[in-house]
Amino acid sequence: MTTVEDRPAHVFENNDQKPVGHGRMLRKEDPRFLRGKGHYIDDIQLPGMLHMAILRSPVAHARIVSIDTSAAEAHPKVKAVVTGEGLAAQGLAWMPTLSNDVQAVLATDKVRFQGQEVAFVVAEDRYTARDALELIDVEYDILDPVVDARHALDPSAPVIRDDLEGKTDNHCFDWETGDEAATEAVFAAADVVVSQDLVYPRVHPAPMETCGAVADFERIDGKLTLYSTTQAPHAHRTLYAIVAGIPEHKIRVVSPDLGGGFGNKVPIYPGYVCAIVASIVTGKPVKWVEDRSENLISTGFARDYIMRGEIAATKEGKILAIRTNVLADHGAFNGTAAPVKYPAGFFGVFTGSYDIEAAYCKMTAVYTNKAPGGVAYACSFRITEAVYLVERIVDCLAYELKMDPVQLRIKNFIQPEQFPYTTKTGWVYDSGNYEPTMRLAMEIAGYDELRREQAEKRERGELMGIGVSFFTEAVGAGPRKDMDILGLGMADGCELRIHPTGKAVVRLSVQSQGQGHETTFAQIVAEEIGIPPADIDVVHGDTDNTPFGLGTYGSRSTPVSGAAAALVARKVRDKARIIASGMLEVSVADLEWQKGSFNVKGDPSKSVTIQDIAMRAHGAADLPEGIEGGLEAQICYNPDNLTYPFGAYICVVDIDKGTAEVKVRRFIAVDDCGTRINPMIIEGQVHGGLTDGVGMALMEMIAFDEDGNCLGASLMDYLIPTALEVPDWETGFTVTPSPHHPIGAKGVGESATVGSPPAIVNAVVDALKPFGVRHADMPLTPSRVWDAMQGRPTPSF
Amino acid sequence: MQVTMKVNGEEVVREIEGRLLLVHFLRDHLGLTGTHWGCDTSNCGTCVVWMDGEPVKSCTVLAAMAGGHEVRTVEDLEQNGQLDPVQQGFMECHGLQCGFCTPGMMMTARALLNRDPDPSEREIREAISGQICRCTGYATIVRSIQWAAANEAAAAAEGEVSDAVVTAGSAS
């Protein structure tokens, strides 16, 4: 391994010299985590608290004939047993999903996937609650399941969603983008057309902490406090008000420390609603924490796109058009968490980083007897699928044209002077300068030397592969005019109060799952207002104590809430300037801001610090006319556009010819996320995403057997990389600020998850070139790589 | 049944069900919530504690089996208000993000450094390979443990130097 010290200087940056604001800073949240004093959902203990467990369907598709709960109810430590029928009496058996579909809270008529919620038990302790599940007797009338999305629309396929009026098939939605006729015309005239079928299998975010809730309903004042694992506490509160009919001011949602989220903690799950009902029914606080199998089989999955990619080019390698046809498996309920007008998320950016003439996508989404979900696992609203498609198909083109994949990409990049660049599917890329980023990655990798090494190894019959990907992401949803979730515009609030002694509290609507908001947001505010980050407390994850906003997912925190934090600090600074003008007895125009103080222009000795101003704002002395006391502000930030971070990734793999095992030897990631607030945290975000990429490319898949049984229901079956499967990461960066973001930052939380899978698959396929392999589907396990080496196609599931 | 064990140096006696897992005993009965639970199959390692100085997965040990043994958890790593070098290393090198796997990782790291004060990168990766981190990508965890090893070595060397000075002083 290369250690920190002996790496090239450009791999790391260190802004420690800056006393306040942006730069490498150790995290404010770490001291509690290091001492085992984090406060996660299962750490919450309330007086008199009861425990809930959920009975789940053992089969994928069946009609419920009867449920006998009498034995469970007779258990001396059981306080309540509730079935779908019981919820139906309260109008709570079904709830809306984030995609305007409905989902069963507890099944009433049928079960539609293995692991679906059927009943819950509330008992005195967690072990008894589990025991009592065994005492519930459910009779099922087994139905044929729909497991393979490719057969979901067969006329003979059983109809899964017969709860929807008039539904006679398993069609979920159709969606298209781009210009079909123009694209067809370009394809018809092109020198070269390459087509490739690709499967992005179903995977699962599997955060180390599973989902859970503690519901505490106070009967006297009718107030519900819900502690829950949510990345979007405010959006959840509003939806609970709508679903449960509890007035919104009587609901407080608290999201404690989250043990990872990655999108898994965006949806509202039936378990949360059941916990609320359980607390209302029993009059006691009720805790529910799912086990690992429940997490893997029932909560938000990701991907599950079956794609055909087509690319048209000149014989010299100028890419002309990209076309794709997608079959999307949405499971039993459309639980996709994406802006309403974007049923396929932001898949529309499948044209990638290339300047092309035409593009078209047609998508059909279907219901199957699998868990609902679809947008999770750090995917930036389906950009993982889009980037995989384009970066794989570009490599297929390079294969056919016998061109170097890097040179092919560079030849087709959108040029810096073309930004803002409107893609053929209507996305306006805000800023970019792609070639230097690609070149830096090549330099760190020693690309030419790697190719020489590969040529030598091929001579000797060794399998070494070099894979490249270049991605452009679209993160930071809104703007609210285009983007909403169930009518809630995707904007975020921020409140900043400066206390009399010059210390501050900033309140956010977004919620950290490990990204380090308590540090980053203190730094953003510090940079603008000149108060050291250590003096700024960051409050988040509590709807009673933070302004409204849509939460953390799709790498929104820095692009949206980070902008809000910068702007609210500037708003406070504007007021501070007026107060300073009174203190220094000069006009506002005669003041200049030095980080942390105002001084009279041309006379730095006449100055007041932000701390002086804070005391004056709260003091007894006169303030300038029309200025109220106090030093605080609140704003709601509605972004002008998404931000478009990008990056160049290079992966080097070695494949054991005898076992077909893939070893990722090196991985070079150069990211451009605009202005960098805390480089240490950014590097951590990238490292984590790269590891996800190794998992998805080589190991992870939620598979099903023909009866719809989930084959990835534990961490013994669903393989996640450990320290032995990943290399030491080599990172670098370029900086191309966003022109519309107040501090130029773009967001980086999902870049590596988006960008790394194609680099790894491209590397594996490159290693297999001597076998004539142009493509193999993820996850590239030894058996799949072996199949590819024997000339057999990889199985899709 | 009654169980007696030493936890973080203090003897505890509790009435428990025979089937109670050590992880739940520590968390729910003793309030030591720094030890986490993340899977049902001994794969994730968020529940790692020490039993008689060796890391064990406390979701796979019955509380009753810990009877008569010494258990140590993350809450005991800090001594006399001083963070363990492993804790410092995790902070300095960004070895944690969400913090959920961190206590287990640190207990394994501490045990490794007690056994081998100067492990190679490969040995560090092998030591933590029974544990999963979903956030960090492991490189910073490896660096954190290397930081702790380097700082302990430096502190030990300094200690030897100051011992030598004291000895020299006494001799003169």
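Two strands pair if DSSP finds at least two bridges between them. With that in hand, let's explore this predicted model through a few exercises.

**Exercise 1. A sheet in chain A**

Solution: 
- Step 1. For a detail to find in the structure, A:Ala62 stands opposite A:Val111 in strand 6 of chain A.

**Exercise 2. A sheet in chain B**

Task: Describe the open sheet of five strands in chain B, and what packs on it.

Solution: 
- Step 1. The strand order is 2-1-5-3-4, with mixed pairing.
- Step 2. Strand 2 (10-15) and strand 4 (54-57) of chain B stand at the edges; each has a single partner strand, so one side of each lacks a neighbour in the sheet.
- Step 3. From one strand to the next, the twist averages 40°.
- Step 4. Strand 1 (residues 2-7) of chain B runs antiparallel to strand 2 of chain B, and six bridges join them. One place to look is B:Val3, whose bridge partner in strand 2 of chain B is B:Arg14.
- Step 5. Helix 3 of chain B packs on this sheet, touching strand 3 and strand 4 of chain B, and its direction makes about 40° with that of strand 3 of chain B.

**Exercise 3. Two helices that meet**

Task: Work out how helix 2 (residues 85-92) and helix 3 (residues 102-115) of chain B are arranged.

Solution: 
- Step 1. The two helices pack at an angle of about 125°, and their axes are 9 Å apart.
- Step 2. Because of that angle, helix 2 of chain B counts as oblique to helix 3 of chain B.
- Step 3. Helix 2 of chain B passes helix 3 of chain B in a right-handed crossing.
- Step 4. On one side of the contact are B:Val86, B:Gln87 and B:Phe90 of helix 2 of chain B; on the other are B:Thr102, B:Met106, B:Ala109, B:Arg110 and B:Leu113 of helix 3 of chain B.
- Step 5. By type, these contact residues divide into five nonpolar, two polar and one charged.

**Exercise 4. Buried or partly exposed?**

Solution: 
- Step 1. A residue is buried if 20 or more other C-beta atoms lie within 10 Å of its own.
- Step 2. The buried residues are B:Leu22, B:Val23, B:His24, B:Phe25, B:Leu26 and B:Arg27, and they pack against strand 3 (48-51) of chain B.
- Step 3. Just after this helix, B:Gly31 takes a positive phi of about 70°.
- Step 4. Now turn to A:Glu453, found in helix 12 (residues 447-459) of chain A.

Definitions and conventions: Residues are numbered from 1 along each chain as its sequence is written. Chains are lettered from A and ligands numbered from 1 in the order in which they are written. This is a predicted model: local features need pLDDT of at least 70, side-chain atom pairs count only at pLDDT 80 or more; totals for chains, interfaces and linings use all residues. Axes are lines fitted to C-alpha atoms, for helices over the stretch in contact, and angles run from 0 to 180 degrees between N-to-C directions. Helices (H or I, at least four residues) and strands (E, at least two) are DSSP runs, numbered from the N terminus. Angles under 35 degrees count as roughly parallel, over 145 as roughly antiparallel, 65 to 115 as roughly perpendicular and the rest as oblique. A crossing is left-handed if the near helix is turned anticlockwise from the far one by less than a right angle, and right-handed if clockwise. Two residues are in contact if their C-beta atoms, placed from the backbone, lie within 7 Å. Ala, Val, Leu, Ile, Met, Phe, Trp, Tyr, Cys and Pro count as nonpolar, Asp, Glu, Lys and Arg as charged, and the others, Gly among them, as polar. A residue is buried if 20 or more other C-beta atoms lie within 10 Å of its own, exposed if 12 or fewer, and partly exposed in between; C-beta atoms are placed from the backbone.
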